[in-house]
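Biologist: Hi! Could you walk me through this one?
Modeller: Happy to, have a look here.

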Amino acid sequence: MTTAELREAPEPDSAVIATLSVGSTFEVLEFVAGRAWGVAPAIERVGYVDTRTLSWPTA
């Protein structure tokens, strides 16, 4: 994952709640139009990130 903006809504111009750093855990709950809605447990925030910023487990 690259740096990702956690947003309050799926629209790309919605308010940024937080910026997630490389290696941050983001638990995806749902995919919505190129966005992933989920939880950033380290900061206890829920929001949307662009799916292109996610990396997938390899094992």
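Modeller: One term to begin with: buried means under 20% relative accessible area, exposed over 50%, and partly exposed in between (1.4 Å probe, protein chains only). This is a predicted model, where local features need pLDDT of at least 70, side-chain atom pairs count only at pLDDT 80 or more, and totals for chains, interfaces and linings use all residues. Residues are numbered from 1 along each chain as its sequence is written, and side-chain values use heavy atoms, with hydrogens and water left out.

Biologist: Got it! Is Trp56 buried or exposed?
Modeller: Trp56 counts as exposed because its relative accessibility is 54%.

Biologist: Now salt bridges: how many does the structure hold?
Modeller: There are 3. A salt bridge is a side-chain nitrogen of Lys or Arg within 4 Å of a carboxyl oxygen of Asp or Glu.

Biologist: Which side chain does Glu5 meet in a salt bridge?
Modeller: Glu5 pairs with Arg7, at 2.5 Å from N to O. Glu5 is partly exposed, at 41% relative accessibility, whereas Arg7 is buried at 16%.

Biologist: And what about Asp50 and Arg52?
Modeller: Their closest N and O atoms are 2.6 Å apart, in a salt bridge. Salt bridges with shared partners join Arg35, Asp50 and Arg52 into one network.

Biologist: Are those buried or exposed?
Modeller: Arg35 is buried, with a relative accessible area of 16%, and Asp50 is buried too, with 18%. Arg52 is exposed, at 72%.
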